[in-house]
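Hi,

Here is the structure I promised to pass on.

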Amino acid sequence: MSRQTLPLFDPALMRPALIDAFRKLDPRVQRRNPVMFVVYVGSAFTTALAVAHPEGFTIAVALWLWFTVLFANFAEAMAEGRSKAQAASLRGLKRQTWSKKLDGSYDRSVPRSAMKWLPLEADNLRKGDVVLVEAGDTVPADGEVIDGVASVDESAITGESAPVIRESGGDFSAVTGGTRVLSDWVVVRVAVNPGETFVDRMIAMVENAKRQKTPNEIALTILLVALTIVFLGVVVTLLPFSVFGVQASGAGEPVSLVVLVALLVCLIPTTIAGLLSAIGVAGMSRLMQANVIATSGRAVEAAGDVDVLLLDKTGTITLGNRQASAFIPAPGVKEARWPTKRRKAAASLCWASRSSTCVNAMWPHSAPPLFISPRRPA
């Protein structure tokens, strides 16, 4: 899977994000963020004052407050849209696959040439169906080999470039949908229903990644709520003091409610609270761009403390196909003995297959005149 980077202001993401920004104006959604909920209530209150007493200053404050709420919603919707785009790219990996569903019950005594099968789309297979998978075919669904033995390319799923052997009656009888049979044939009994395959579960993991708050995010939220309560108490006490000061001096006017609401929004940590959830979603999306699935914000925060990463095999971080990047002549070998382009390609394939028979067939009377320098692209 190649690394995909989406532009910051991708029109395909901005249009749904704008719609979601207005959908998030639901009070049930806004109350999840206490600080922004205060801004939301202040926006509604200021709008009510603007309708009752339409003045330029009141209308301007109401518009700016609604813009603040919508901007926070838009930032969160953009971050969520990137995660959905990554899930859509994974869904695009699922190709329409046709299977060879055996007609009737399977009988091991029937030779492969006499097996009767019907073409059926992989999405229509059900648990318990028996299919025939031959060389060059794609395994239609996750299942278990009940007959035959075959070499299977699982690089698309596991990243391991070397084919694996799958046979019936052992620890290596399970096959995964989307892999490809390279040689021979197998009879597979489907083990899952549509939507329950390995690729489907991986897509569901991306789509249903939980936005659980991390410990640091919880601590920061508590701090922001505490500051909001303090500043709310300060602003509430300003109105009685203002009324008392006007009455005592006999001059001036008490501060208006619109000014107090605007002052409260300026005092409370609106910017941090508005972007806090967007930052968490953006962190998960950034990992998905590197083809790493993060199931929660807690996992993203824990990943920041990782210094050493141990992998069980190099196939996990490679393309899955070996490639020869250079051909270096052995000591004492003249350039005239270098293979042609066709032999170079064959030499690369021989090296990739680790087959001594293939190498001996190319150079039957002497040792191979080349050292092949391998390149395992990351």
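**Salt bridges and their surroundings**

Asp26 counts as partly exposed because its relative accessibility is 23%, the scale being buried under 20% relative accessible area, exposed over 50% and partly exposed in between (1.4 Å probe, protein chains only). Its salt-bridge partner is Arg28, with 2.7 Å from N to O; Arg28 itself is exposed, at 57%. By salt bridge I mean a side-chain nitrogen of Lys or Arg within 4 Å of a carboxyl oxygen of Asp or Glu, and that rule gives five of them.

Before you read on: this is a predicted model, where local features need pLDDT of at least 70 and side-chain atom pairs count only at pLDDT 80 or more, while totals for chains, interfaces and linings use all residues. Residues are numbered from 1 along each chain as its sequence is written, and side-chain values use heavy atoms, with hydrogens and water left out.

Next, Asp137 and Lys100: their closest N and O atoms are 3.1 Å apart, in a salt bridge. Asp137 sits in the loop between strands S3 (130–134) and S4 (143–153) and Lys100 in strand S1 (98–102), so the pair ties together parts 37 residues apart in sequence. (Helices, H or I with at least four residues, and strands, E with at least two, are DSSP runs numbered from the N terminus.) Lys100 is buried, at 16%, and a salt-bridge network links Lys100, Glu134 and Asp137.

Finally, Arg166 pairs with Glu154 in a salt bridge at 3.2 Å between the closest N and O atoms. Arg166 is in strand S5 (164–167) and Glu154 in the loop between S4 and helix H5 (155–158), twelve residues apart. Both residues, Arg166 and Glu154, are buried.

Cheers
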